[in-house]
Amino acid sequence: MTDFEQQLTDHLRERAAAATPRFDLEAVEQGIGAYALVDLGERRRRRPVIVAMVGVAAAVALFVAIALVRATPDEDDSTPVTEPDVEQGPVTNGSIVTGDGHGWPEGPAPARPDEPEDHEWNAFDQDTGSFLYVSGSGTRVWVIGRDRQEADFPCAAPVICGWTTFGPGPDEVTAPTDGPDGPQSVQVMALDGTVRDTLDISAAVADDAFGQPQELSDLAWSPDGSRLAVGTEPEFGCSPRGAECEAEVWIFDRDGGEPQRVHAESTPAEQVDGQYWDTPMLTGLAWSPDGRRLGLLVGSTYSNDHPRLLALHLPPGEPTVAETLHVFDARDWRSEGTLIPADNDLHYAFAWSPDGSRLAVTSEGGVAEIAAEDGDVLTRHHGFPGQAGVHGPLAWLPER
Amino acid sequence: MVVEGVHSSEEQLDGAAFGDFYRLELDGQVRRAVLLLGSNDIASDVVHDAFIEVYRRWDTLGEPGPYLHVAVLNGCRGVHRQRSRQLRLLPRLTDRDPPSSVGEHLDDLLAELPFNQRAAVVLRFYAGLTTDEIARELGCAPGSVGPWINRALAKLRKALR
């Protein structure tokens with residue numbers, strides 16, 4: 001454990017020790033919920049009528065809650081895509097696997113490092129079918145191919161090993177390097193950790209159009225290794241008060257050239273209390289197999305009810321076209337039958353099919369295939385018995 | 001490292017009444033919820049409602065402990081979503097002095113983290129859970145946990161420089 005982690009642990013323990021739990025076993029056993037606990041002392045003095053009072057309080061609370069919900073203006077006009085009637089069917093284009101080791105069709109889970117140390121699946125290379133894992137401590141990287149382990153090398157600061165990804169070459173991986181002002185460059189490494197190249201990405205993490213500093217949120221090499229997509233988010237949210245800010249996507253050529261900002265997800269058209277702006281979030285960069293489109297997930301910090309899966313069309317020499325392929329509905333994340341992600345943070349996963357015609361997206365009840373052309377829900381693949389849900393990351397392996 | 005009261009042993013509950021379970025779990029659950037929500041009152045409400053869910057299913061729950069853990073986490077997640085705007089705006093809406101200590105600064109920074117990042121940090125560094133245990137409690141893939149923690153730590157470190 002580092003000094004900072006120890007400091008954090010001590011801080012959390014100190015704060016936890018200061019908590020003052022409210023002992024109210026009687027109310028629990030009477031089924032009196034927290035919202036009905038107001039004036040509970042008064043109700044207890046009138047114990048003979050407590051049942052009636054609780055009933056009235058519950059009814060009033062329900063009425064007020066419904067009225068409030070109805071009175072709250074819709075914060076996002078985007079309509080969530082819900083296609084509960086779509087039938088499930090087999091995966092016809094390779095196989096889809098999830099980070100928790102399941103897959104459609106069912107089969108052996110992808111190989112993992114044969115090590116006792118915690119490790120996380122960080123990236124997937126669709127061309128080779130290889131998975132990249134990083135140790136939980138962020139000090140070791142493994143590349144596991146379909147048939148054998150291809151790499152195992154140590155990783156150390158200033159490289160941010162936890163963000164290591166495949167590319168640009170078939171025998172290379174890339175990771176950002178940290179610095180006093182956050183990551184300003186990425187290192188291209190061979191599969192033994194040797195540094196082959198350094199690419200300056202400072203243009204992407206400079207201040208945005210509103211003067212807000214940006215920080216790296218994701219990176220992904222195009223399938224041919226010629227372009228690096230870099231995602232950024234506002235480093236400290238939209239501050240100071242009332243400021244606008246944006247999350248951005250930049251493209252850097254491997255061979256140099258002027259970096260291009262190809263997309264900006266500006267603050268949603270929503271002001272909080274008339275003067276405070278929401279903060280956009282952006283993650284999950286993934287190129288289509290033909291390298292012509294870039295998939296990404298966008299959302300916002302305060303009102304993240306409808307995170308969206310976007311596809312950026314990047315025709316050479318022409319303006320970028322951003323297309324919303326799917327709108328998640330996180331407002332009622334427990335509902336059945338809709339395309340609802342299992343988490344309500346911005347951690348929704350998707351994966352391109354090997355031919356680029358479809359995308360797999362996570363949903364609470366499993367995984368759905370949507371059309372890359374227009375986002376139509378085509379097929380569902382249900383989860384597995386005993387699993388609360390199916391969760392990302394996702395990879396779509398080509399047929400062998 | 002396991003923090004007392006956060007993960008109770010099922011053996012301790014064998015044959016015990018709900019009241020014993022409540023007394024055994026209450027403190028740990030509220031402490032953890034406070035770390036996830038930053039408010040003692042809201043945390044107490046969430047834990048209270050989670051206990052009601054457990055009480056209603058007491059006769060059918062084989063392992064009430066894990067059920068309670070998840071119910072509290074889900075309650076915190078729901079509150080975070082519903083109230084994140086107010087919770088996160090509070091420091092901006094009030095003309096308060098800047099944090100006077102590293103601890104206060106850390107509190108502010110933790111409150112700014114997305115829920116899963118904050119929960120992963122609390123479960124790792126307070127509750128001492130492994131990656132797989134955190135993934136089970138948060139209902140996510142083990143592969144998600146490390147990046148959440150790394151990203152949260154990077155953000156905290158950088159802001160505290």
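Analyst: Buried means under 20% relative accessible area, exposed over 50%, and partly exposed in between, with a 1.4 Å probe and protein chains only. Helices (H or I, at least four residues) and strands (E, at least two) are DSSP runs, numbered from the N terminus. This is a predicted model, in which local features need pLDDT of at least 70 and side-chain atom pairs count only at pLDDT 80 or more, while totals for chains, interfaces and linings use all residues. Residues are numbered from 1 along each chain as its sequence is written, chains are lettered from A and ligands numbered from 1 in the order in which they are written, and side-chain values use heavy atoms, without hydrogens and water.

User: Why is helix α6 of chain B described as largely enclosed?

Analyst: Because 10 of the 11 residues of α6(B), residues 115-125, are buried, the helix is largely enclosed by the rest of the structure. Among the buried residues are B:F115, B:R118, B:V122 and B:F125.

User: How are two packed helices described?

Analyst: By the angle between their axes and the distance between the axes. Axes are lines fitted to C-alpha atoms, for helices over the stretch in contact, and angles run from 0 to 180 degrees between N-to-C directions. Angles under 35 degrees count as roughly parallel, over 145 as roughly antiparallel, 65 to 115 as roughly perpendicular and the rest as oblique.

In chain B, α2 (residues 18-37) and α3 (residues 40-56) pack at about 140°, with axes 8 Å apart. The pair is therefore oblique.

User: Which residues of α2(B) and α3(B) meet?

Analyst: Contact means heavy atoms within 4.5 Å. Among the residues that meet are B:F21, B:L26 and B:V30 in α2(B), and B:I42, B:V46 and B:F51 in α3(B).

User: What is the arrangement of α1(A) and α5(B)?

Analyst: Helix α1 of chain A (residues 3-17) packs against α5 of chain B (residues 102-112) at about 90°, with axes 11 Å apart. They are therefore roughly perpendicular. The contact includes A:L8, A:H11 and A:R15 on one helix and B:E104, B:L106 and B:D107 on the other.

User: What is the strand order of the open sheet in chain A?

Analyst: Two strands pair if DSSP finds at least two bridges between them. The four strands have the order β11-β12-β13-β14, with antiparallel pairing. The edge strands, β11 (214-221) and β14 (260-266), each pair on one side only.

User: How many bridges join β13(A) to β14(A)?

Analyst: Six bridges join β13(A), residues 246-253, to β14(A). A:E248 has A:A264 of β14(A) as its bridge partner.
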